[in-house]
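Subject: Model handover

Hello,

Here is the model for you to look through. My notes on it follow below.

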Amino acid sequence: MCRIFGRLGEGPATRVDRADLARVAARQRHGGPDRQSVLAGDGWALGCNRLAVTDPRGGDQPYRLGHAFEGGILVVFNGEIYNHAELRRRLLTRGHRLPDRCDGSVLPALYAEYGPAFVEQLDGMYAVAVLDLRAEEPELLIATDPLGMKPVYYHLGADGLEFASELPALLAFPTVRRERWEPGLDRYLRYRTPLGERTLYRHVRVLPPAAVARYSVSGGLRISRREAPAEVGAGVGSGVLSDGLSGGLSGGLSGVLDEAGAGRDTLAALHREVGRLARADVPVAVVASGGLDSGLVAALAAQTLPDLHTFTLVHPGHWPGDERRHAAEVARYCGAVHHEVELDPADLPDLLPRTVAHLGQPNADPITASTHALFAAVRAAGFTVALTGDGADELFGGYDRIRTAVATPAGRPWAGAYLEEVAAVPTALRERLYTADYRAELDADPGADPGAEPGAEEPPLREEPDRMAAIWRFETGLRMPAYHLRRVDHLSMASAVEVRLPYLQPAVHGLAHRLPGHLKVSGGRVKKPLYAAARGLVPDSVLRRPKQPFTLPVTAMLAPGQPLAAFARDVLAPDRVRRDGRLRAERVTALLDRRAGVPEDTAARAVWALLVHQLWADGESARH
């Protein structure tokens, strides 16, 4: 697991100053504290900050095949390749010499064998950058994993392309234009973060999942998308769906599959994936909040890790949704050593600006602060890898809004209400908060990509007869990479912790996709296969309890007299809000007053979202 960066270009900015490259590396060194390296040649530079997980003594990057500066292949890599041992054996039989047993060391030889199609051989989470110097003109290839677990940001300018694992690092390149994308505030308040490839910077994008981007000076940038794993099956190296599962899933769903069968198949897939992800050359822990998803991961990990340690976040005092009792019960049930990580609300005014800075752009989920604090404690306790239950809600339909959409009578609209539930700030309130100038700007530039019809912007979720299919595309294809996975990546790597995601492995993801919707959500019940899989493995009290998201109790923490409430007042003071020019300061103040008078979840979420955005905007102003 690493942080990577690089550039390929021509013109006056071709030779990036070594001091500039050092600044880029420094901005993401927290994610790769074990080793830093940079190679630079005529028109190109590649760099890496390494977090040593697989073969800690090996793994020197950039990996290379042939001469480092001419006629060779150079690779930098962020992530984990879980089938690297199998790939290594294959490459050795074909005459390649590999320097060590690090997973990334197979990549140059794999590219030499398969060209750009080498990514089809990879089973893992990754962002890989290959610089091919064998041709007369160098070509840079950047590939992302099928679900976008390892993000990569890029900037395309007149004289080249720059990329990095984190936004603040990319912005350290002097050639990157920092112009703000004006519709970004509206998209953030609508969806809690910009979706798809957009960022809050007009000229900075994120490569989508399952992408292969190829860039050369003469050919420009070409981005292609591979088929999503759910469309082609379980994916490379999974093997699970054709080996030992009940219900006949290996060739797609055939015959009748009931809830019990779906549970058995889900358990078999998860058992294998948790088992292989729990093995590493460094200490491994599990984040177990006390809910079903992480509790099942902890129970299965305990079968591989006899000295399992689990971590959960708590707050001193009494707060709504406190999960410490359930998390401790999960740990006792599976025989784990349990750690409670305490986050004092009084520390939020110091923690939140640092959290926003690590993310690089606003994310309106209050879980961000909890996530940052939790992974810092995991690392401080001596663990470099952590397994989590992330992704289960998206794959198996765990959100209340999914249950509501499915229960809406046929013929009645449901998509609009669904998107309102997703919003950080509801539509009516957004409209009241915007200045007249900003509303006019949104009307003139609605944010559609170039080439679209004027004013055209397709909604990310539309009314369709197959609601579960439409929700799957939205939640797993758009929202999960942008809102969820980037947050997990950035805030775990802020403390040099590699997160592994059993639910997002190809076998589990492919199985969840092929299960009929009614076997996941129906009759007012959600995540039915997971509940069936977990019986006997997690405490009955966890299976019976209502769903509780792992997050801050923001409504209570924004109550008058709380440190967070005073901090929000200060950050959202009228003079600071007016500097941005897009929100009506008096109406933001009125929202704070309303929130203080009548504690209510919708207003609290809106205040939190505005607070996070203002912290980001203030940081941007300070950097300029």
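Val38 stands opposite Gly47 in β3. Seven bridges join β2 to β3, and the two strands run antiparallel. Helix α1 (residues 18–26) packs on the sheet and touches β1 (2–9), β2 and β3. Its direction makes about 145° with that of β2.

This is a predicted model: local features need pLDDT of at least 70, side-chain atom pairs count only at pLDDT 80 or more, and totals for chains, interfaces and linings use all residues. Residues are numbered from 1 along each chain as its sequence is written, and side-chain values use heavy atoms, with hydrogens and water left out.

The sheet is open, with six strands in the order β2-β3-β1-β9-β8-β10 and antiparallel pairing. (Strands pair if DSSP finds at least two bridges between them. Strands (E, at least two residues) and helices (H or I, at least four) are DSSP runs, numbered from the N terminus.) β2 (35–41) and β10 stand at the edges with a single partner strand each, so one side of each has no neighbour in the sheet. Neighbouring strands are turned by 15° against each other on average, direction ignored.

Helix α17 (residues 467–493) lies across β1, β8 (153–157) and β10. It runs at about 110° to β1. (Contact means heavy atoms within 4.5 Å. Axes are lines fitted to C-alpha atoms, for helices over the stretch in contact, and angles run from 0 to 180 degrees between N-to-C directions.)

**Helix α5 and what follows**

Seven of the eight residues of α5 (residues 184–191) are buried, so the helix is largely enclosed by the rest of the structure. (Buried means under 20% relative accessible area, with a 1.4 Å probe and protein chains only.) Among them are Leu185, Arg187 and Tyr191. Arg192 is buried at 12% relative accessible area.

**Backbone points to check**

Most residues other than glycine have a negative phi, and most peptide bonds are trans. Arg192 has a positive phi, near 75°. Ala210 has one too, near 55°. Ala210 sits in the loop between β10 and β11 and is buried at 3% relative accessibility. A cis peptide bond joins Gln61 and Pro62, with omega about -5°. Pro62 is in the loop between β3 (44–50) and β4 (63–65).

**Ser216**

Ser216 is in strand β11 (residues 211–216). Ser216 is buried, at 7% relative accessible area. A polar atom of its side chain lies 3.0 Å from the backbone nitrogen of Gly219. Leaving out residues up to four places away in sequence, Ser216 touches Glu137, Pro138 and Arg222.

Best wishes

Note on methods:
Buried < 20%, exposed > 50% of the residue type's maximum accessible area, 1.4 Å probe, protein only. Polar contact = N/O pair within 3.5 Å; in protein donor to acceptor, adjacent residues only side chain to side chain.
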